[in-house]
Amino acid sequence: MANIEFEYPLFFIIPIIYLVCIKFCPKRVESIYFPGFRFIKKVAKRRVFIENSIWFLLSILIAAALATPISKSDVVLDEDRGYEIAMLIDASGSMRQYNKFNIAKDIVIDFLNKRKHDKLGLTIFADFAYIAVPLTYDKKSMVRLLKRVDVGVAGRQKTSLYEALFLSANLFKESKAKERVAILLTDGIDNTNTVPLKVALNTLKKYKIKVYTIGIGRRGDYDQKVLEKIAKETNGEFFGADSVAKLKAIYNEIDNLEKSDFKAKKFVKRHYFVEYPLLLAVVLLILLFINSYIRGRR
Amino acid sequence: MVEQRVKEIVLKAKKSVFTGNIGNHLTAFKGDGIDFAEIREYSSGDDVRKINWKATAKSGSLKLNEFNEERELHIVVVSMLSGGLTFGTKRSKQDVVAELLALVGFSAVSNGDRLEIALISDKVERHFKPTKSSGIVEASIYEILSSDLLDKQADYKSAVEFLQGRVKRGAIVVVIGDFYEDLDLTLLAKHQLYAIRVRDHFEENPNINGELGLIDPATKKGTQISLDGSLLHKFREELKEHDRKIDEHIFELGAKVANIYTDEDTTLRAIQIFKS
């Protein structure tokens, strides 16, 4: 269940006004001096308390209905037209050097926040590759997860680059989006051989995924030829980054290259719960009426 | 207005008392004395010295000589004033209390008894020392009818404390009030005690429905209650239980308790109560 919030919480002033009114502006009814007051008060004490509580509860329920309880789901786009982007991040041991991993993480998070209307996925790879977050609009949890990821979560000896590509490509199996993008960030060379490059490439092509490859570190740390090849065959682009500023610039560039141009197709899934407090209020009212009717007849 | 009513009550009471209709009945209090009244069955607690041996021998069961109260009795009328007395449908309970006081008072005076009157709420409002003149009757009736009783509570405890030590054993104490409060009259048991509960039928048996503001005449504090059948039923039960407890308490003291309602003829009721 999503969080329930109120659209017009100001209405909750009603029960407060109700309480104040009961205290300071009582109903004008005829009053009589009644000698047996002590006894009738004693007898009525419990009932008066219950009835007053019910009336108060009613005012709360009505206020709750007016305040419009609502649960908002995430923004959902027209899936056929949105972007779907898989982020592949190298978490091998070498990424720890020069704090590369954390810098990359910050930049990726920054990028994530920019892609407001896209579906994003996250794949981490080192000794093996795994899908940390499948394609989703839920950026919050993605950022949360990304913050916790550190070097070594997938081992730290090797770099299973192709496996990561292959796995990420499979993320798009069910995809209906027109634009499918994968951004590969690495500082090493594939050395696990779990998935051959060819297979990975074929899968990428099969699902029409554009791959941007980013090699970070000095030239020679990563296999520029392979990365260029991957980019080329999938209509993507290769970037080499040897500084933080450059890496940032690359992500900005990718952001600009893959600009989603529709913001109108934005939906907020709303679910109203107005009827529940209202229904409860009506039931209580009916019970009160029945109660007073029965008691009145006796 | 009040003066008028005082005069009416006084005249009516005097008429009843002095034409001899009830004069003797009202103070036919039984007790120690030499004025022989009757022979009756012995019951536990009676003075053994009064056993009539002849009658006992004849009948085979213990018999007792009963005497009329010694003359020159000391009669104390205690009128408990509370806000509740202002209530009444036909006439106020206040009025009934005044009438009752007039009857007892004049009949005492006409019999040559010593009469003492105390008007008590949560404090002693007025106290008339024992006398044989009828002036205090009028004065106390005026006091009862003219004082604003609202916001006053009858405190039976302070009444008992006031009488304690002031009135000698064997007096006749008549307590008039509406007896809504909890009370303990144990200390008055040494006197011949009469408790007369003045009520209105409507207050015991209110048949009103709907949202109504009720105000406690004893404190002037009010609340709003929606009255209906079941609530009133519970109220009646509650009040009955309260009255029953007080009746029981007074019976245990060997005293007499009786009700007078506002729609009843006070004189007739008074005769019934004091005669039986």
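These legends go with several close-up views of a predicted two-chain model, chains A and B.

Ground rules: this is a prediction, so local features need pLDDT of at least 70 and side-chain atom pairs count only at pLDDT 80 or more, while totals for chains, interfaces and linings use all residues. Residues are numbered from 1 along each chain as its sequence is written, chains are lettered from A in the order in which they are written, and side-chain values use heavy atoms, with hydrogens and water left out.

**View 1. The contact between chain A and chain B.** Chain A puts in 22 residues and chain B 36 residues, where contact means heavy atoms within 4.5 Å. The size of an interface is often given as the accessible area lost when the parts come together. Here the buried area is about 2800 Å², with carbon and sulfur atoms giving 68% of that (accessible area, 1.4 Å probe, that two parts lose on being put together, summed over both).

View 2. The rule picks up 3 salt bridges between chain A and chain B, a salt bridge being a side-chain nitrogen of Lys or Arg within 4 Å of a carboxyl oxygen of Asp or Glu. One of them ties A:K42 to B:E238, at 2.5 Å from N to O. On the chain A side, the elements giving two or more residues are strand 2 (31-33), helix 2 (37-66) and helix 9 (275-297). Helix 2 of chain A has the largest share, 9 residues. Helices (H or I, at least four residues) and strands (E, at least two) are DSSP runs, numbered from the N terminus.

**View 3. Strands paired between the chains.** Strand 2 of chain A runs parallel to strand 8 (residues 210-215) of chain B, joined by 3 bridges; two strands pair if DSSP finds at least two bridges between them. A:Y33 has B:I215 as its bridge partner in strand 8 of chain B.

**View 4. A hairpin in chain A.** Strand 5 (residues 119-125) and strand 6 (residues 129-136) of chain A pair antiparallel over 5 bridges. The hairpin between strand 5 and strand 6 of chain A goes through 3 residues. Look for A:L122, which stands opposite A:V133.

**View 5. A helix-to-helix salt bridge in chain B.** B:E99 and B:K12 form a salt bridge, with their closest N and O atoms 3.2 Å apart. The pair links distant parts of the chain, 87 residues apart: B:E99 belongs to helix 4 (residues 93-110) and B:K12 to helix 1 (residues 2-18) of chain B. The whole structure has 28 salt bridges over all chains.

**View 6. Around B:E125.** This residue, B:E125, is in strand 5 (residues 124-131) of chain B. Leaving aside neighbours within four places in sequence, B:E125 is in contact with B:L81, B:L119, B:I120 and B:K152. The side chains of B:E125 and B:S121 make a polar contact of 2.5 Å. B:S61, 64 residues from B:E125 in sequence, is 50 Å from it in space, C-alpha to C-alpha.

Key:
A polar contact is a pair of N or O atoms within 3.5 Å; within protein, one must be able to donate a hydrogen and the other to accept it, and residues adjacent in sequence count only if both atoms are side-chain atoms.
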